[in-house]
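Dear colleague,

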Amino acid sequence: MSRHDLQNASRRAFLQRCSALGVAGSALPWALNFAAMSEAAAATAADYRALVCVFLYGGNDYGNTLVSYDQASYDAYHALRPTLAYSRDALTGTVLAPGVAPRDSAGAARQYALAPELAPLLPVFDAGRMAVMLNVGTLIQPTSKTQYNNKSVPLPPKLFSHNDQQSVWQSSLPEGATSGWGGRLGDLFVAGNGNATFTCVNVSGNAVFLSGRTAVQYQVTPSGSVPLRGLSSPLFGSTACSDALRSLITQPRTHLFENEYNRVTSRAIGANDQLTAALAGAPALTTPFPTGNSLGDQLKLVARMISNSSALGAKRQVFFVSLGGFDTHDRLLTVHPDLLTKVAGALSAFYLATVELGVADRVTTFTASDFGRTLTGNNDGSDHGWGSMHFVLGGAVKGKAYYGVAPAVANNGADDVGQGRLLPTMAVDQYAATLGRWFGASDSDLLAVLPNLANFNAGTRNVGFLG
Amino acid sequence: MSNSIGTPLDGVTPETSSPNNILQLMPVTLGAAALAACGGGGGSGETPPPTPPPLVPPTAEQAARFLNQASMGPTREQIARVQSLGYRGWLEEQFALPRATSRWDWLVQKGFDAATYRNSEAGFDAAAWRKLIASPDTLRQRVTLALSEIFVAAIDGFIGSGWRSFSAAAYLDMLEANAFGTYRNLLQVISTSAAMGEYLTFRGNVRYNAATGALPDENYAREIMQLFSIGLYQLNLDGTPALSGGKAQETYAQDDIAGLARVFTGWDYDLAGGDTSTPEFKRRPMVQIAGRHETGAKAFLGLTIPAGTDGVASLNQALDFIATHANVAPFISRQLIQRLVCSNPSPGYVARVAAVFNDNGSKVRGDLKAVVTAILLDDDARGAAGLTDPAFGKLREPMLRFIGWARAYNANSASDAWAIGDTTDAGTRLGQSPLRSPTVFNYFRPGYVPPNTAIGTAGLVAPEFQITNESTVVGYLNYMQTAVSRGVGDVVADYTSLVALADNAASLVDELNVVLAAGELGASTLTTLKTAIAAMPGGTDAARNNRIYAALLLVLASPEYLVQK
C-alpha cells in the first residue's frame with residue numbers, strides 16, 4: 001500500500017468513525033446501533049485475526065524468566081546474582097528443547113530453561129505453538145556496543161526510565177506520544193471492520209499502544225462494559241430526567257475539555273449496547289481460567305469478545321491486557337515467582353481457550369514490558385535494564401524455537417552495557433513488524449506504522465516467527 | 001518525554017520536529033504550546049502584575065470558583081467566609097487553623113493498632129476519607145491531596161514488617177504537616193520516611209558489595225530526580241524547556257542515578273530499641289546503619305560528596321543540592337497549578353509562581369505557603385478571562401467530585417466508621433482512591449495528551465483524561481447515583497438546606513449551580529435541568545427527595561460542572 005493509499009485508508013476510516021460515532025459527540029446512540037447492526041452482518045469470521053499484547057508493567061526480570069541453563073552460562077548467571085539465582089536443580093523440569101539450539105554472537109549453542117513457575121507454558125512450547133524471543137528491546141537503528149559507548153548512533157530516548165520506555169515500546173516515542181503501533185495497525189483495518197469502536201480494545205485501562213492516528217482505543221473492564229443506570233431505567237423515577245441526562249452527557253460542547261468528556265461518554269453508551277448483546281450471544285467457554293489472577297480475568301474477556309467477533313463486526317482486532325508489579329527492586333525472590341505463576345496460568349488458559357473456540361491460528365499473543373532488568377543484583381532485587389526475553393503464542397506461531405541472538409551472560413560483556421543491561425539485538429520495531437505482517441499489513445504499511453523500521457535492512461525486518 | 005513539563009518538549013523531538021514527517025505523531029509545536037496559555041488574559045509577559053486588594057467582596061459565584069481551586073469543595077458556609085474575609089483573608093484564616101486529629105491517631109483510637117490488623121490495610125481508607133470530607137482545614141487538605149499526587153506513594157507498596165495502614169497514615173500526615181512549610185524540609189521528611197523507604201525500596205538498601213557485585217538499589221535516586229524535584233529536562237523559569245541548539249537538555253544521566261543511589265544506602269527503620277509488633281516505627285524517620293552506607297565518593301549532577309562522608313551528612317548535602325537546582329521552582333510550581341487551578345498554565349503564570357518559589361520576598365526558598373498563595377491569587381486564576389476561554393481550567397478528578405458533593409451537603413458518618421473503602425474500581429466506583437495510585441507516576445501524568453482529540457490538536461495537555469474512559473465515565477455516574485440518594489456506607493448527606501427549595505425546580509437548580517458549579521452552568525443546561533426537575537412530582541417529602549437526588553446527579557453530570565474553570 002502506497003503512502004497515498006494509506007492516507008486514503010486512514011481517511012476512509014476517519015470518515016467511517018465520524019459517521020458511526022459523530023464528531024464532537026453529536027451521535028445519537030440509536031444511530032450508532034443501526035450502523036453497527038448493518039455493518040456487522042457484512043463481517044464474517046473467515047478472515048478474522050487478532051493480536052493480543054500482554055504488557056508486563058514495571059520491567060520484567062529477564063534473568064529469572066528465561067534462565068541460562070547450559071553449565072557455563074548457568075555458572076555465569078549464578079555468579080552475577082548469587083542471592084537471586086534459581087538453583088540449577090530447580091530448572092531441570094522446564095529446560096526448553098527447541099528444534100534448533102539458540103546461538104550466541106560467537107556462534108556457540110546455548111541452553112535455557114523457563115523459570116519453574118512458567119511450567120504451564122512448556123506444553124505450548126513443545127507443541128510448537130510458542131516461540132521465545134531473545135534480547136528484544138527499544139532501538140532506533142542496529143546498535144553495536146562500540147556505537148553505544150561512543151554515542152555515535154541515535155539511542156532510544158530516556159533509556160531505563162519506566163514511563164518513557166513503556167511509551168517507546170508501545171509507540172516508538174517517549175511519554176507524550178499520542179499514538180502507538182497497535183493503534184496504527186488498527187488504523188489500517190478500521191475501514192474493514194463493521195464497527196470501528198471494537199478495533200482496538202484495552203481491558204486494562206489506558207495505553208498509548210492502542211491509540212491510532214484515527215483509531216480510538218475502547219476501554220472496557222474485565223467484566224465487560226458498564227451500563228449507565230440513569231439511562232437504563234428512569235432516573236429517580238423520572239423519564240424526563242433520564243432524557244435530560246442523556247442530552248447533557250452526549251451533547252457537543254464548545255469547551256475543549258467538556259466536549260472531549262462527552263465524546264467519551266457517547267462512545268461508552270453506544271458501545272455498551274453492542275458489546276452487551278454480543279457477549280450475551282457468545283458461545284459458552286468451558287476452558288478454565290485461573291481465579292485471583294487479574295491477567296486471566298482480562299484475557300478471559302478477550303476470549304469472550306473474540307468468540308463472537310462477528311457480532312461486533314470485527315475482522316481485525318488489537319487487544320491490550322497487562323499485569324503490574326514487575327518493578328522488582330527488592331523482594332524479587334518473593335514477588336517475581338508469584339507474577340510468573342500468574343502470567344503462565346493466564347497465557348496457558350487463553351491459548352487453550354482459543355483452541356476450544358477454533359481460532360487458535362487466528363490469534364497471536366505476545367509479551368512486552370518496560371525493559372529488562374540488570375543481571376547483577378542489588379541485594380534482594382534488580383534494577384532497570386534494557387533488552388529482555390519475550391514470548392509469542394498462538395496457532396500461527398512457528399514455535400518450539402528461538403528467534404534472535406543469545407546474549408552473553410556477563411557484567412559489561414559483549415552484549416550488555418553494564419550490570420547485565422542487555423543491548424538489544426532484536427528491535428521492538430522488528431518484533432512488531434513480524435506481528436504486523438501476519439496481521440495483514442503490507443511492507444509499506446509497516447514502514448508507516450513503525451517509524452524506525454526503515455533503519456533496519458529489509459531482509460531483517462521480519463523476524464520470521466509467524467507463518 | 002513530556003511527563004513533567006507537558007507538550008512544549010514534544011515539538012523538539014528530532015523524529016517529529018520536521019513538518020514533512022509523514023507520521024505527524026505529535027503535531028505539537030512550541031508555538032502551539034505557547035498558545036496554550038490557560039489564562040486567556042494575564043498570561044503573557046514575565047512582569048508580575050500587582051494584585052490589588054479586592055474593592056468589592058467576591059460574589060457567591062466568585063467565592064465558589066475560588067473554593068473549587070483552594071479547598072475540598074465549596075460549601076455555603078465557606079462561600080460566606082470567603083465573601084466576608086476576601087480571598088487573601090480566607091487563605092490566612094485557613095493557614096492559621098490548627099490541625100485536626102491525625103489519621104494515625106484516629107487509627108489508634110479505633111483500635112487498628114491491635115496485632116490482628118498488622119497484616120491488613122484495615123482502617124486506612126476510612127482514615128483518609130474522614131480527613132478529606134470532614135476536616136475543617138479544607139485548604140490544607142486540598143494541598144495535601146495535591147502533594148500526594150506529586151510525591152506519590154501508595155498503600156500497596158508499603159511492604160515491610162506489616163502495618164500498611166500506618167505507613168499510609170503516617171505518609172499523609174507527614175505531607176499534611178509540611179504542606180505549608182518549605183520544599184526543602186518536605187524533601188527531607190519524605191526522603192527519610194519509612195513509607196517512602198518502603199515504597200521506592202531504599203529501606204535496607206546497602207552499599208556496593210565487591211564480593212557479589214551487587215550495587216545500591218537505584219529506584220529512589222531515579223524517581224526523586226525525575227518526579228519529585230527536577231524532572232527530565234532543563235527548564236526555564238516559566239516551565240518551558242531551556243533549549244540549546246534547538247534541543248531540550250537532559251538534566252541527568254544514568255551515571256547521576258548510580259551516584260545518587262549511593263546516598264540512599266544504609267537507611268532503615270528506627271525501632272528505637274523496640275520491635276515491629278506495634279506500628280510506632282512507621283512514623284519515626286529512618287535512621288542510618290553505618291555499616292551499610294556507601295563509604296566511597298557519591299557523584300551526581302556535578303556534585304561530589306567526598307568519600308567517607310556519613311549517611312546523614314550525605315543526605316543533607318544531596319538534598320540541599322537538589323533543592324537549589326533551578327528546575328525545582330518551575331517543575332513543582334507548574335504541577336501545583338495543575339492540581340489546583342488549570343491543566344495548561346501560561347508560561348507567565350508559571351514564571352510568577354516559580355519566582356515566589358525561589359524567593360518568598362524574605363529570601364526564603366520553597367515556601368509552600370507563599371507558593372500556594374501566589375497560585376490562588378494570580379490573575380490567571382482569579383480573572384474572568386478563564387471563564388470564557390474554551391481551553392481554561394481542568395477536568396475535576398473523580399475523587400474531588402465525590403468529596404465536593406460530600407462537603408457541600410455535610411455528609412457525615414454517624415458511627416465514625418467512614419466505611420467508603422477503596423474506590424479505585426473503574427467500572428463500579430471512582431477509578432481513583434486516596435493514596436492508591438497504581439504507580440509512582442500517579443493516576444495521570446502532568447503531560448498527558450488525550451489521543452485523537454481537539455485537546456491534543458490544540459497543543460494542550462489534560463492530565464485527568466488519562467483516567468477518563470468508557471468505563472470510568474459511566475462508573476462515576478452510577479456511583480454518584482447511589483451516593484447522592486443513599487450515601488456510601490453510613491456516610492450520608494444532610495439535605496436540610498435543599499428541602500425547602502425542592503418544590504421549586506428553578507430555585508433548587510440555581511442553588512446547586514452556585515455551590516457545586518460556581519454558577520458556571522450555561523443557560524441551556526439550566527433550562528434542561530429546570531424543565532426536567534419541574535416535570536417530577538413534588539409536594540411530599542419523598543417527592544422532594546427524588547427531586548434533590550435527580551438535580552444533584554444532573555449537575556454532577558453536567559459538562560460545565562465536570563470541567564472546573
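The structure is a predicted model. In chain A, strand β4 (residues 130–137) is largely enclosed by the rest of the structure, because eight of its eight residues are buried.

The pairing of this strand is as follows. With strand β9 (residues 388–393) of chain A, β4(A) forms five bridges in the antiparallel sense; here A:Met130 lies opposite A:Leu393. Strand β10 (residues 401–404) of chain A runs parallel to β4(A) and is joined to it by four bridges, with A:Val132 facing A:Tyr402. A parallel pairing also links β4(A) to strand β11 (residues 426–427) of chain A, through two bridges. In that pairing, A:Gly137 has A:Ala427 as its bridge partner.

I turn now to the interface. Chain B contributes 90 residues to the contact and chain A contributes 74 residues. Between them the two chains bury about 6,700 Å², of which 63% is on carbon and sulfur atoms.

Six salt bridges are found across the interface of chain B and chain A. One of them joins the side chains of A:Arg253 and B:Glu560, at 3.4 Å from N to O.

On the side of chain B that touches chain A, the elements supplying at least two residues each include α10 (219–226), α23 (523–534) and α24 (541–557). The most is given by α20(B), with twelve residues. By residue class, this side of chain B comprises 46 nonpolar, 30 polar and 14 charged residues.

Key: Residues numbered from 1 in each chain as written. Chains lettered and ligands numbered in written order. Predicted model: local features only at pLDDT ≥ 70, side-chain atom pairs only at ≥ 80, totals over all residues. Heavy atoms only, no water. Contact = heavy atoms within 4.5 Å. Buried area = accessible area lost by both parts, 1.4 Å probe. Salt bridge = Lys/Arg side-chain N within 4 Å of Asp/Glu carboxyl O. Nonpolar A, V, L, I, M, F, W, Y, C, P; charged D, E, K, R; others polar. Buried < 20%, exposed > 50% of the residue type's maximum accessible area, 1.4 Å probe, protein only. Pairing = 2+ DSSP bridges.
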